[in-house]
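Here is my note on the model, written as numbered points. Keep the structure open and look up each residue as you read.

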Amino acid sequence: MNKYKTVIIEDEKRAQILLQNILENHFPNIEILAVADDLPSGVKAIRKHKPDFIFLDIEMPNYSGLEILDFFDENLVDFSIIFTTAYNHYAIEALKISAVDYLLKPLNKEDIKDALERFEKKKNKQNQESFSSLKSIIQDKKINKIAVPEGNQLHFIKPETIIYIKADNSYSEIYLDNGKKMIVSRSIKNFEDGLKQNNSFCRIHKSYLINTSYVERYDKSNGGWITLTNKTELPISSEKTNDFLNMIDKISR
C-alpha cells in the first residue's frame, strides 16, 4: 500500500474533525501533516510539509480555496488538490476536465475512497497542467449551475431558474420557475454566499433571498413588500431596501 501525506485546509471545525476521523480510522496509508483553519495558514503548511495532495475547502472567510493559485507559481506546484465544497460555485464538469477532484459535503468514507483512488490514477500527470486548466476556469467567474442535494439525489440547477429561497431554520426552501419547491438541509446564508457573484440575487430579509429577474412590483406601504411574477408577496426589511433598490436601478439601466 502506497503511503501519502496530506494537509487539510478547512475552516469548519466539525468538517475538520469528521475528515480527520475518516482518514485516521479507514485510510492508514494517509498521513495528516497539518490542519489549517484558513488559506494563508494552509499555504504555509504546504510549503513547510510538502504534501502529496491536500483537502481544500472552497468556501472560507477572507480567501476562497480557489484563490490558492495566487499563492503559488504554477510551475513549482508539486501537489494535487481534492476540493471539498457544500455546493458548487463553478461547473463541476469543468473541474473534472481540469483533473481536479472534489467532494461534496457532508463528507463520507466512500466518497473519500473514490477521490483517493482517482488521485492515485492521476498522480503521475503533471500538476501544472491541472492548475493551468483550473486557472482559466476560475478566471471566467461564471456560475453555471449549483449542486443541490435532495434526499439521495443531487440536482444541478441553473441559478436563473430560481425565483426565491426561503429560510426555515437550518433548512432552505427553493422555489423554481417550473413551480417545483425543494427543501434542502442547507442555510440560506450558504446559498447567499454561493450566488453573490450572480448580480440577479438579493437578500431582502433574513428569511428571503430573491432573484430580482422575477420581481413584478415593489410596494413601499406597510414596511415594504415585493411581489414576484408567481404572485408570491414577500416582506422587505428596512435595512435591505437600499440594497434592493440599488440593484434594481443597475439592472434597469
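1. Does Gly-223 count as buried or exposed? Gly-223 counts as exposed, because its relative accessibility is 55%. The cut-offs are these: buried means under 20% relative accessible area, exposed over 50%, and partly exposed in between, with a 1.4 Å probe and protein chains only. Gly-223 sits in the loop between strand E13 (215–219) and strand E14 (225–228). Its C-alpha atom is 9.8 Å from that of Thr-241, and the two residues are 18 apart along the chain.

2. A word on the source. This is a predicted model, in which local features need pLDDT of at least 70, side-chain atom pairs count only at pLDDT 80 or more, and totals for chains, interfaces and linings use all residues. Residues are numbered from 1 along each chain as its sequence is written, and side-chain values use heavy atoms, with hydrogens and water left out.

3. Check the confidence next. pLDDT is the predictor's confidence in each residue, from 0 to 100. The protein chain averages 81, and 80% of the residues score at least 70. The pLDDT is below 50 over residues 90–94, a stretch with 10 contacts in the model beyond near neighbours in sequence. It is also below 50 over residues 136–143, where the corresponding number of contacts is 15. Contact means heavy atoms within 4.5 Å.

4. Now the chain as a whole. It has 7 helices and 15 strands. Helices (H or I, at least four residues) and strands (E, at least two) are DSSP runs, numbered from the N terminus. Of the 253 residues, 46% count as buried. Take the contacts with a separation of 6 or more: 57% of them join residues 24 or more positions apart.

5. Leu-39, Gly-42, Val-43, Ala-45 and Ile-46 are buried. They lie on the same side of H2, because they cover an arc of only 160° around the axis. That arc is taken from the directions from the helix axis to the C-beta atoms. Lys-44 and Lys-48, on the other side, are exposed. The buried residues of H2 pack against E1, E2 and strand E3 (53–57). Just after H2, Lys-50 takes a positive phi of about 50°.

6. Look at the largest nonpolar core, which has 22 residues. A nonpolar core is a set of buried Ala, Val, Leu, Ile, Met, Phe, Trp, Tyr and Cys residues joined through side-chain atoms within 4.5 Å. Ile-9, Ile-54, Leu-56, Ile-68 and Phe-79 touch the most other members. E1, E2, H2, E3, strand E4 (80–85) and strand E5 (101–104) each supply at least two residues. H2 gives the most, with 4 residues. There is also a second, separate core of 16 residues, including Leu-23, Phe-27, Leu-107 and Ile-112.

7. Which residues does Ile-9 contact, leaving aside neighbours within four places in sequence? Among them are Leu-39, Gly-42, Ile-46, Ile-54 and Leu-56. Thr-6 lies in strand E1. Thr-6 counts as buried because its relative accessibility is 0%. Beyond neighbours within four places, the contacts of Thr-6 include Leu-23, Ile-30, Ile-32 and Phe-53.

8. Is Glu-10 buried or exposed? Glu-10 is buried, because its relative accessible area is 4%. Its place is in the loop between strand E1 (4–9) and helix H1 (13–26). The side chain of Glu-10 reaches the backbone nitrogen of Glu-12 at 2.9 Å. Not counting residues up to four places away in sequence, Glu-10 touches residues including Ala-15, Asp-37, Asp-57 and Lys-105.

9. Last, two loop residues with positive phi. Most residues other than glycine have a negative phi. Asn-222 has a phi near 55° and is found in the loop between E13 and E14. Asn-222 counts as exposed because its relative accessibility is 73%. Lys-231 has a positive phi of about 75°. Lys-231 is found in the loop between E14 and strand E15 (233–235). Lys-231 is exposed, because its relative accessible area is 57%.

Key
Polar contact = N/O pair within 3.5 Å; in protein donor to acceptor, adjacent residues only side chain to side chain.
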